[in-house]
Amino acid sequence: GATLGVLGGGQLGRMFVQTAQAMGYFTAVLDKDETSPAGLVSHHHIRTGYEDPQGLAELARLCDAVTTEFENVPAGALNQLATSLPVSPAGSAVAIAQDRAAEKAHFVKCGVPCAPYAVIETAAQLAAVNDALLPGILKTARMGYDGKGQIRVKTRAELVAAWDELKQVACVLEKMLPLAHECSVIVARSRSGDIVNLPVQRNLHRDGILAVTEVFAGNVPPVQAEQAIAAAKSVAIGLDYVGVLCVEFFVLENGQLVVNEIAPRPHNSGHYSQNALDVSQFELQVRCMANLPLVQPRQHSATIMLNLLGDLWFSGGVAKTPAWDEILQLPGAHLHLYGKVDAKPGRKMGHLNITAATPEKARETALKATAILGIEAF
Ligand code: ATP
Ligand code: MG
Ligand code: MG
């Protein structure tokens, strides 16, 4: 049988591996962590870093196709693999997603509106910033996630101090926009250019980390939902993208849709697809790699996903196990734990998908779950 490989051993890799195995494939994971969530469940686990040419050569020898679950994998690693086997997404697309300046330039090229911004790589560029971008958010161009590497600034003095605090690395300053809410769209595109999308996800972040995703008809006004799907597809087509891509958006108070950023992989906001759609984002990832037909996913349940962060494993600083037995009593509750060995505050440990016949029922069950676990209600 064929073997599918993934760079990165986190929870996204684990769910990819589990899905690929259920579909009849062997799997290989490259991650230097002995206890990586994906490595623990994969047929093969190559325990080296992404920069190790021998590890990459071993992955290429084992596999028939390779993907990534981690957007900061060096594009050079993907390019090395691509000399001997199909790699999706391509290094060129991942390189754009890794760099906010390149990413924003791509949005402009595709004609998809993004927040007004300026690239800041030098003191001269910092001094030349237009006052119209303040108040704004200074974001490192590379390596940020879960709101890390971002500082909100109101004045030029704060901007200068923030750039120093970020060690004067390459940054993007974005104008702070008045958000009504946030949403995202996941698309999958095949080698032959067929493209399908998941329904629009409405997302709530807390402390820069995704907390809740709600998906049902009317979660986002239909006009913005259609615009978001069309915009996500044009971003993917503009990259000649192959694989699963998530595009994050803001809906502004005036109703305008603005693109925020992309992730070149399955995304936390798409985890509901495991239980509320007939085809999950991980199955689409496998289908893209194995060159199987892409099917437009069909939603069969209203759904709410709650992220389960490491904070739930502590009470007043003392370690505890969350009350899974009570959660599993709830109708339509689907628990997904990632098998991570140590819980830390803010660390993504699992998620809970709630499915129901109606949005009201899903919300009722989700609020019971937040009460049991001690998560803030929404
Ligand atoms: P992720 O973990 O999704 O990759 P990230 O660290 O890359 O997150 P962003 O998505 O850039 O961070 O921003 C995190 C959050 O900060 C957004 O989801 C949004 O709530 C808020 N935010 C970011 N940029 C803006 C903006 N220009 N105006 C208003 N709010 C913003
Ligand atoms: Mg990001
Ligand atoms: Mg984001």
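1. Helices (H or I, at least four residues) and strands (E, at least two) are DSSP runs, numbered from the N terminus.

2. This is a predicted model, where local features need pLDDT of at least 70, side-chain atom pairs count only at pLDDT 80 or more, and totals for chains, interfaces and linings use all residues. Residues are numbered from 1 along each chain as its sequence is written.

3. Helix α8 covers residues 222–238. At 1.5 Å times one less than its number of residues, its 17 residues should span 24 Å, and the end C-alpha atoms are 24 Å apart, which agrees.

4. Buried residues of α8 include Q224, A228, A232 and V235. Buried means that 20 or more other C-beta atoms, placed from the backbone, lie within 10 Å of the residue's own. The buried residues of α8 pack against α5, β9, β10, β13 and β14.

5. How do α5 and α8 cross? Their axes, lines fitted to C-alpha atoms over the stretch in contact, come within 10 Å and cross at roughly 110 degrees. The two helices are therefore roughly perpendicular (65 to 115 degrees). H106, F107, K109 and C110 in α5 meet S234, V235 and G238 in α8, with contact set at C-beta atoms within 7 Å.

6. Elsewhere, 4 strands form an open, parallel sheet in the order β3-β2-β1-β4. Strands pair if DSSP finds at least two bridges between them. β3 and β4 stand at the edges with a single partner strand each, so one side of each is left without a neighbour in the sheet. β2 and β3 pair over 3 bridges, and V29 stands opposite H45 in β3.

Key: Chains lettered and ligands numbered in written order. Buried ≥ 20, exposed ≤ 12 C-beta atoms within 10 Å, placed from the backbone. Contact = placed C-beta atoms within 7 Å. Axes fitted to C-alpha atoms, helices over the stretch in contact; angles between N-to-C directions. Parallel < 35°, antiparallel > 145°, perpendicular 65-115°, else oblique.
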